[in-house]
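Morning, everyone. I have one structure to go through, and I will keep to a few local features.

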2 protein chains.
Amino acid sequence: AAYSAGSVGDRRMLFRQLFEKESSTYTYLLADVADPDKPAVLIDPVDRTVDRDLNLIKELGLKLVYAMNTHVHADHVTGTGLIKTKIPGVKSVISKASGAKADHIVEHGDKIYFGNLFLEVRATPGHTAGCVTYVTGDADNQPSPRMAFTGDALIIRACGRTDFQIFTLPKDTLLYPAHDYKGFTVSTVEEEIAYNARLSKDKETFKSIMESKLELVLSKDDGCSCACQFGLRYPGSTTKDLSCSH
Amino acid sequence: AAYSAGSVGDRRMLFRQLFEKESSTYTYLLADVADPDKPAVLIDPVDRTVDRDLNLIKELGLKLVYAMNTHVHADHVTGTGLIKTKIPGVKSVISKASGAKADHIVEHGDKIYFGNLFLEVRATPGHTAGCVTYVTGDADNQPSPRMAFTGDALIIRACGRTDFQIFTLPKDTLLYPAHDYKGFTVSTVEEEIAYNARLSKDKETFKSIMESKLELVLSKDDGCSCACQFGLRYPGSTTKDLSCSH
Ligand SMILES: [Fe+2]
Ligand SMILES: [Fe+2]
């Protein structure tokens, strides 16, 4: 069967972005459809939408191998536990620095293979100490442009880490966040360098901008908003997020 | 500047999918970034998100040429009028069969150019008599796989027109609806032929399935749900949608 490449140039990779409305969370499905087994990974599945995701995986004839988290989520329950009860053999994945349990513990620099495609693990601490970004491989048989699944290390146009782990990727790298509250689905390294408030201001100016911005975001929306990264709080929480080490 | 191709293989076309949460509407931004003017079109803009969309267009250095509607929307106010007041020179586009006014009236078979890229107009009546689907061109310098912006002629996995205008497109054609209530962002012709309820049942079986399905959708969500196509009603409406001729 001819599967679509979705958002990437490389026909080898099937790609789907899925949205969970209550927590404004994006879940990502990636699969190597050139491999006879069609091995697949899910990044940041949400418990409420596990049935939708697993049904899609079944319809597309994929074999789910990994259910991965970019970090420990405070605004919603990860779907990985539920997935493991429904498809025994699926391995959960999280970073060592998160301190959380999983079948497969990864560290900065590790590669996670599904078929001939792979994701690189990059440490992007801030929101939580264990936050990682998963980036598609840099090779001829990998998707082009590259794609980075940033978790909460980036909110499009709102906040993001300035360090080299994300923003020294090629300019055309597609950035896929774990959350969006304004209806954006994707950005690029080039755009975020130019227009992300955190990146285009000096540190102190930025901090005050972000604090007023975040108040707005937090008062309007539920969910995770890079709050911990700036010592702010999750909406409705009177104490700092327990999963945040800052 | 290096712009990303977004969801398509062809680097010539910049592509963005944008979401409006209240009416669960997708707006699509397409631009020919290989043309020095970077001419762009917006499909199904929503009035509430016009500022977000125009700001993005400005940030990306694009020149908006057309603000297009797939049909007359009953569940939200189109952004085209507001866009025209903010950027004089932008032309609104709608189908002749819609009976609505616009700067540029199109019919089945017409082509709409932005730079060297173009969209074909396909009549897909049902939800309203004037519904059209805009499909990217079939040529070497156009995006591959092809992309179809179906308006309300398709809701992923839920309902859709069976006629040849959409489902005889190549199997890997990416299908982008005007609405989604379950967090899907894209489908393909192949998937919808296999898994869309309307397509996999005979007409009478389908009709009863859809009626019960739609009751669920309509009781849970606000907004347009292919209702008119089946003689059903919009949520909260006691009469048939005025924009529906069925
Ligand atoms: Fe988070
Ligand atoms: Fe509609």
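I start inside the protein: the second largest cavity holds about 40 Å³ of space. Please keep in mind that this is a predicted model. The structure has 2 cavities of 30 Å³ or more. If you wonder how one finds such a thing, rolling a probe the size of a water molecule over the atoms shows where empty space is left.

Which residues line the second largest cavity? From chain A there are A:Arg157, A:Phe184, A:Thr185, A:Val186 and A:Glu191. From chain B there are B:Arg16, B:Gln17, B:Leu18 and B:Leu56. By class, the lining divides into 4 nonpolar, 2 polar and 3 charged residues.

Next, a sheet in chain A. Its 6 strands run in the order S7-S8-S9-S10-S13-S14, the sheet is open, and the pairing is mixed. At the edges sit strand S7, residues 111–114, and strand S14, residues 187–188, each of which pairs on one side only.

Within that sheet, look at S8 and S9 of chain A. Strand S8 covers residues 117–123, strand S9 covers residues 132–136, and the two pair in the antiparallel sense over 5 bridges. One residue pair to find on the screen is A:Val121, whose bridge partner in S9 is A:Tyr134.

The loop between S8 and S9 of chain A contains A:Thr124. Is A:Thr124 buried or exposed? It is buried, because its relative accessible area is 0% and the cut-off for buried is under 20%. The side chain of A:Thr124 makes a polar contact of 3.0 Å with the side chain of A:Thr133.

The peptide bond between A:Ser144 and A:Pro145 is cis, with omega about 0 degrees. Chain B has a cis bond from B:Ser144 to B:Pro145, with omega near 0 degrees. B:Pro145 lies in the loop between strand S9, residues 132–136, and strand S10, residues 147–151, of chain B.

Now two backbone angles. A:Lys38 has a phi near 50 degrees, which is positive in a residue other than glycine. A:Lys38 is in the loop between strand S2, residues 25–32, and strand S3, residues 39–43, of chain A. With 17% relative accessibility, A:Lys38 counts as buried.

In chain B, the residue to look at is B:Asp44. Its phi is near 55 degrees, again a positive value in a residue other than glycine. B:Asp44 lies between strand S3, residues 39–43, and helix H1, residues 50–59, in the loop of chain B. B:Asp44 is buried, with a relative accessible area of 2%.

Last, the cysteines. A disulfide is a covalent bond between the sulfur atoms of two cysteines. How many disulfides does the structure hold? Over all chains, the count is 0. A:Cys131 is buried, at a relative accessible area of 2%. B:Cys131 also counts as buried, at 2% relative accessibility.

That is all I have.

Technical notes. Residues numbered from 1 in each chain as written. Chains lettered and ligands numbered in written order. Predicted model: local features only at pLDDT ≥ 70, side-chain atom pairs only at ≥ 80, totals over all residues. Heavy atoms only, no water. Pairing = 2+ DSSP bridges. Helix = DSSP H or I, 4+ residues; strand = E, 2+ residues; numbered from the N terminus. Buried < 20%, exposed > 50% of the residue type's maximum accessible area, 1.4 Å probe, protein only. Polar contact = N/O pair within 3.5 Å; in protein donor to acceptor, adjacent residues only side chain to side chain. 1 Å grid on protein atoms, 1.4 Å probe; cavity = no way out; pocket = protein on both sides within 12 Å on 5 of 7 lines; lining within 4 Å. Points joined across faces, edges and corners; volume = space filled by probe spheres on them. Nonpolar A, V, L, I, M, F, W, Y, C, P; charged D, E, K, R; others polar. Disulfide = S-S within 2.5 Å.
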